[in-house]
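Please read the following report alongside the sequence and the model, taking each part in turn.

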Amino acid sequence: MGTLRKYLCWTYAFISLVCARFAFCTLLSAIKRQDIGLSSLIFPAALAVFSVIYATAWLTTLREKGSARNWAIAANLTNVSVALWPIFHSHSFSWECQGVLLFVGVLGMAASWEPYRKAGEAGKDNSSMSISGDRTSKVLNKTAGVLIFSLSFAAYLWWMGRLKSAGALAIQNNWYRLFLTLLVMFVITSVHEFGHAAVGLAFGMKLRSFFVGPFQWRISDGKWKFHFSAKGILLPDGVTGLVPTSGYMPRWRYLSMMSAGPLANLLTGFYALRIAVTSANNATVQVGGFLALFGSWSLALAVGNLLPFKIKNGYSDGAIILQFCSAGLMADLQLAMAAVGSSLVTPLRPKDYDIRRIRKASQGIEQGPQALLLRLHAFCHFVDSGKTREAAQALLAAESVYHRSASNISAEMHSVFVFGNAFVRRDAVAARAWWERMQVKNPTRFNASYFRAESALLWIEGDLPAAKKSWEKSNALARMLPEAGAYEFERHCCMLLRRALDEALAAKHQSALTVWKADPRLDSVHAGFAC
């Protein structure tokens, strides 16, 4: 619901601007007609009030204020009331005009009715926090969304004016506008992500994930999996996950891959806009207004994406391009993460990571998900290198970051903490606490890492038969993983745990045998045999 609320908050901003524009135009028209009576002022005054309601709902939701839920409900009640007003006023209702407003209102009510989580209930998460040296500014991080929305709204107004000048009055159907808007956003996102993917693949990178709107492909445990996300229909977002096929890759190739997405939008947007502007003024040539809207929005969103700003769990393309162009802290972070990604498709193992680069980035990045990942990668490096003491220190550092600023992580990531505390630190209490935290997150991926963590926990707690069963599940799943460095590390951890299990079982057997031999009752048995 949180993602849907964030998306709907921009619809509040859009409706607020539309209401303000109509209020101003209506009042200006009344002044020109010299009709400044009470009846002529009621409509623009009502529109002004609606504009304030929507604007407040937008700002409070965007800033996650405590009053956001009440203002969102008020805005959506206004949507529903305005949509249903013709039924009571003139006993008529048009699905083409009021239907979309009613749909948005009902959807918004469903999203807003559930109580909002208070700050801190979902766990500490500084994923949107600016990091010193990341080439972004706090001002732009806070205003980037507004700037991109403003560019998009200006492009939309230009598109509406273009349609009117072309005489394309058929697009008064609001459902058609909604469909066209979602279709254009989907195509723009697809072009952007295909731009990243095409250049990355041309440079020898491997594709690991590809999200466009509701369609999501990703490699999980070495296999491609498809997922259809219904919310992606209304939230046309995209992700392209590419990893290098070697431990070292020239920086200019990363820059080219990152620049390819916005560049694809700029080129296709310019070409589409050129066709729309230079063609005859009719909706047929513009494919019902598609080319003009696609071209204007492509250019607006490409420019917005090239702005350097921080988003949740990442950065804009413009920010990453600046980071790669520099030789600073964030460049080390990006290159370290790229090397980690390459271990999924190459023989590179965690012991081969550039630990100096990881440590250098860790010194400057002390909070948030990036800080947590850096320390966990260092932990894996030391485990794979056989450096138990350093691995324990890296795990403790990761735990510190978790508790300070990054507790809102996936359930699957908790398995690393369970295994580390049980096998590396030999701390049964801490391992059990991490296991409970993972269960609260409702894990859904029961893979090799999950069962290895369970086995390590049961082993440190002394339940050796159950630990062996969990290990067998983990080992069977690990053997099914592809031949790559990251998966070889999975199998290596299974081997280490198996040795510990064998030693524990042998020690238990030896202890039982010693007790049996020391039992005084056995003397009579021996004597009986002797007779």
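## An aromatic pair

In this predicted model, F446 has a relative accessible area of 45%, and because that value falls between the cut-offs of 20% and 50%, F446 counts as partly exposed. Y450, by contrast, has a relative accessible area of 9% and is therefore buried.

By the rule used for ring pairs, the count comes to 23 aromatic pairs.

## Other rings

Ring pairs also link W10, F14, W58, F149, F153, Y156, W159 and W297 into a cluster. Two rings have a charge placed over them: the charged end of R452 sits over the ring of F419, 4.7 Å from its centre, while K310 lies over the face of Y315, at 5.0 Å from the ring centre.

## The protein as a whole

The protein has 19 helices and 6 strands, and 46% of its 531 residues count as buried. Its accessible surface comes to about 27200 Å², with 63% of that area belonging to carbon and sulfur atoms.

## A covered helix and a buried loop residue

Helix α10, which runs over residues 329-342, reaches 20 Å from its first C-alpha to its last, close to the 20 Å expected for its 14 residues. Of these 14 residues, 13 are buried, leaving α10 mostly covered.

T136 lies in the loop between α4 (98-113) and α5 (138-165), and it counts as buried because its relative accessibility is 17%, under the 20% cut-off. The side chain of T136 makes a polar contact of 3.5 Å with the side chain of N141.

Notes
Residues are numbered from 1 along each chain as its sequence is written. This is a predicted model: local features need pLDDT of at least 70, side-chain atom pairs count only at pLDDT 80 or more; totals for chains, interfaces and linings use all residues. Side-chain values use heavy atoms; hydrogens and water are left out. Helices (H or I, at least four residues) and strands (E, at least two) are DSSP runs, numbered from the N terminus. Buried means under 20% relative accessible area, exposed over 50%, partly exposed in between (1.4 Å probe, protein chains only). A polar contact is a pair of N or O atoms within 3.5 Å; within protein, one must be able to donate a hydrogen and the other to accept it, and residues adjacent in sequence count only if both atoms are side-chain atoms. Accessible areas come from the Shrake-Rupley method with a 1.4 Å probe; for residues, only the protein chains shown count as cover. The expected span of a helix is 1.5 Å times one less than its number of residues. Rings of Phe, Tyr and Trp (its six-membered ring) pair if their centres lie within 6.5 Å; planes under 30 degrees apart count as stacked, over 60 as edge-to-face and the rest as tilted. A charge sits over a ring if NZ of Lys or CZ of Arg is within 6 Å of the ring centre and within 35 degrees of the ring normal.
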